[in-house]
Amino acid sequence: MKLLTHNMLKSHVKGVKDGYPLRLSASKVELKEVTFNADFVVRMLDRIVWPVLRQTAIEIGQGDNLPTDIPADAATNEEFLRAMHHVLLEVLVLEGELECPETGRKFPIKKGIPNMLLDEDEV
Amino acid sequence: MSRPEYAAPPELFYNADEAAKYTQNTRMIQIQRQLTERCLELLNLPAERACFLLDVGCGSGLSGEQLTYGGHIWIGMDISRDMLDVANERGCEGDLFEADMGQGAFYKPGTFDGVISVSALQWLCNQDKRWHEPRKRLKKFFTTLYGCMWPGLSASFPTDLWWLEMITHAAMKAGFTGGVVVDYPHSTRAKKIYLCLFAGVVGNVPRGKTGEEGANQQSAGASFSKQERRDKRKQRATKGRDWIMQKKERRRKQIGQREVRPDTKYTGRKRADKF
């Protein structure tokens, strides 16, 4: 699972109000190169929640060179875009767990695929 | 052959055996590809732009492969773990989720540029468990989906007449606008029905194909006339060097595939003419 995807996820357990962000704990992380596409990353600037992305990246040990805030010239700052591209698309979580911030329900990640299936009483 | 929807719930029906079919049966692969291509066409995404898409019921990643060819970044969700494992083995590029679409889409608002779903929605209309209520599940799916789409963009789903009314009704109630596109309405074999939805805008529903557009039309949908089929075969024969390199790269990543020939200066080059 990419961190871009994690940034978009929220909990869908019954009764959860916000359910964002899901806590991510990773026991196995892989790096995989993806072609850099500046246009895509710039468009994602509006959609991601930066503090969450940065925090998660640091927690799994990939966020060393990320600034605290998005720089003002983000759309043209290639160095920043490349760093963001790296954490968004090139870091893959293979094994680990997602945890709902409100109910504490855990969703296991196996072979990079999170299991988001809910039980009868959680729908 | 009875329809798979009548045989068993999806997570049981798509077991390891059934999943293996989706990697070996070239006809199945071909059909899935064509449907996905047409779906992408109907989505009407801006050209040459990498978009963020959701594939509902991605299965073994056949439709996803097509999205990757188009240069898009995508997320797939499916209820069958066996199918997802196959997708993983095939080296699929999207992020996969083991999830039930009837339990809703779990993404934050404004996430996706577009959503496609190839032959999956009809599963929602079945009651597979005692506590399933198809209408509620459809409603949940469409309302949460509406929430996570970037406003103004669309979703398209190939579907069947059997369930069309029920699905359309649920979608309209959730706030989608749009309509149904029928390709080749006069043919029993080639007829395909697509549901084309817009979130937040009133868009023009694209027109269905009738097969009378002429031979020069580059059809990506189901083939209709002999002429069209012939044209397509021609088109397939002239895949370029870039395409070949991409394909080889993908094959190398897949586990358990035959050895891939090394790249040389001859790769993708035309053979010399024979006397």
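This is a predicted model: local features need pLDDT of at least 70, side-chain atom pairs count only at pLDDT 80 or more; totals for chains, interfaces and linings use all residues.
1. Start with chain A. It has 4 helices and 4 strands. From the N terminus, their order is α-β-α-α-α-β-β-β. The radius of gyration is 15 Å, close to the 14 Å that the globule rule gives for 123 residues, so chain A is as compact as a globular protein of that length. Its C-alpha atoms fill a box of roughly 50 × 30 × 20 Å along the principal axes. Of its 123 residues, 48% count as buried.

2. Now the salt bridges. Side chains of opposite charge can pair when their charged atoms come close. Over all chains, the search finds 22 salt bridges.

3. One of them joins A:Glu99 and A:Arg23, at 3.3 Å from N to O. A:Glu99 lies in strand 2 and A:Arg23 in strand 1, so the pair ties together parts that are 76 residues apart in sequence. A:Glu99 is partly exposed, at 22% relative accessible area. A:Arg23 is also partly exposed, at 45%.

4. In chain B, look at B:Arg81 and B:Asp85. Their closest N and O atoms are 3.5 Å apart. Both residues sit in helix 6, 4 residues apart, which means about one helical turn separates them. B:Arg81 is partly exposed at 21%, whereas B:Asp85 is buried at 17%.

5. Some salt bridges form a network. It links A:Asp39, A:Arg43, A:Arg47, B:Arg49 and B:Asp113.

6. Finally, the surface of chain B. B:Lys239, B:Lys247, B:Arg251 and B:Arg258 gather there in a patch of positive charge. B:Lys239 lies in the loop between helix 9 and helix 10. Its relative accessible area is 37%, so B:Lys239 is partly exposed.

Notes. Residues are numbered from 1 along each chain as its sequence is written. Chains are lettered from A and ligands numbered from 1 in the order in which they are written. Side-chain values use heavy atoms; hydrogens and water are left out. Patches are made of residues with over 30% relative accessible area and no salt bridge: like charges are joined within 9 Å, nonpolar side chains (Val, Leu, Ile, Met, Phe, Trp, Tyr) within 5 Å. Accessible areas come from the Shrake-Rupley method with a 1.4 Å probe; for residues, only the protein chains shown count as cover. A salt bridge is a side-chain nitrogen of Lys or Arg within 4 Å of a carboxyl oxygen of Asp or Glu. Lys and Arg count as positive and Asp and Glu as negative; His and the chain ends are not counted. The place of a charge is taken as NZ of Lys, CZ of Arg, CG of Asp or CD of Glu. Helices (H or I, at least four residues) and strands (E, at least two) are DSSP runs, numbered from the N terminus. Buried means under 20% relative accessible area, exposed over 50%, partly exposed in between (1.4 Å probe, protein chains only). The radius of gyration is taken over C-alpha atoms; the globule rule is 2.2 Å times the number of residues to the power 0.38.
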